[in-house]
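Let us walk through this structure step by step. Keep the 3D view open as you read.

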Amino acid sequence: MSQLDWDPDGKPRKPRIIGIGAQKAGTSWLSEMLAQHPKIWTPPFKEVQFFNHRFVPEHRQWLPWHYRRSKENLVNRYLSKNKPMRPELVHYLEDITSGQMFTENWYRRIFAPAPKGTRPIDITPEYSTLPEAGVEFMADFLPNAQFIYILRHPVDRAISQLKMNLRRAGRTPVTIGDWMTEIDDPVLMNRGDYAAYLPRWQNHFGPDRLLVLPFGRIAREPESLIRQVETFLGLPAADYKGLRRKVFASPDGVSVPDEARAALRDKLEPQFAYLEEHLDAGFLEDLR
């Protein structure tokens with residue numbers, strides 16, 4: 001759905017599709033693909049962050065930055081193309097980034113421009129970390145929504161997140177001791193805690209509402225994967241550009257030593273034990 005498809009008179013509404021997943025697990029790829037489907041409408045920025053703002057207090061510290069950055073990136077995208085931003089988009093951005101944010105009415109207004117006959121989508125990977133009360137609230141608040149949860153190999157995911165964190169901090173570990181300090185960051189464990197998070201979602205949503213996908217299929221068989229998503233959502237097949245293009249690929253130049261990888265593997269053993277017990281072997285192989 002092109003963002004030129006816009007209903008300026010649309011009424012506030014709830015999304016019908018929710019994308020979640022561990023950080024660095026392919027939700028950006030999913031967002032870019034589904035944004036192209038003619039029956040899906042996505043907001044002009046990824047990650048609405050509504051439910052985690054409500055149920056994960058520590059996230060509130062960085063959400064103002066998230067919205068400032070999202071707005072700036074969108075404006076800069078138009079400037080780089082020397083294109084004027086449409087008045088309705090300017091008004092929309094001003095409306096959702098000022099005044100009282102993160103209310104239920106504000107959340108519905110996010111999806112108001114979705115044209116009739118389309119399904120609005122909210123892809124926010126942080127929702128995967130919601131506590132039990134948050135998942136229960138989503139089940140009540142979004143009784144008609146379907147959910148897509150992407151899992152990635154625990155060590156690969158943690159390393160990708162670690163590289164991103166180092167790049168953002170402008171920091172490069174030198175010694176093995178430096179690397180061991182980095183992998184002790186509890187943030188690396190939290191965002192990929194499938195053993196804690198996945199059962200919460202499966203307890204509230206059956207297979208008709210929750211589709212769990214392995215990250216590895218994005219690279220190996222993206223067309224088959226997107227067809228599975230379409231079937232799950234009851235959507236007709238569509239054409240997609242960039243199915244095999246990596247979205248936000250990990251930067252080159254930073255190599256994690258084998259000792260640090262091995263230590264990460266040991267720290268993540270509870271995740272492997274959970275996945276091996278609850279998922280079939282084929283799914284596990286597709287995580288990477």
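Start with two helices, α10 (residues 194-204) and α14 (residues 269-278): their axes come within 9 Å and cross at roughly 35°. Axes are lines fitted to C-alpha atoms, for helices over the stretch in contact, and angles run from 0 to 180 degrees between N-to-C directions. Tyr194, Ala195, Leu198, Pro199 and Gln202 of α10 meet Gln271, Tyr274 and Leu275 of α14. Contact means heavy atoms within 4.5 Å. Six of these residues are nonpolar, two are polar and none is charged. Ala, Val, Leu, Ile, Met, Phe, Trp, Tyr, Cys and Pro count as nonpolar, Asp, Glu, Lys and Arg as charged, and the others, Gly among them, as polar.

This is a predicted model: local features need pLDDT of at least 70, side-chain atom pairs count only at pLDDT 80 or more, and totals for chains, interfaces and linings use all residues. Residues are numbered from 1 along each chain as its sequence is written, and side-chain values use heavy atoms, without hydrogens and water.

Now find the sheet. Its five strands are open and parallel, in the order β2-β3-β1-β4-β5. Helices (H or I, at least four residues) and strands (E, at least two) are DSSP runs, numbered from the N terminus. Strands pair if DSSP finds at least two bridges between them. At the edges, β2 (40-41) and β5 (210-214) each pair on one side only. Two bridges join β2 to β3 (residues 119-123). Ile40 has Arg119 as its bridge partner in β3. Helix α12 (residues 222-233) packs on the sheet and touches β1 (17-21), β2, β3, β4 (146-151) and β5. The direction of α12 makes about 175° with that of β5.
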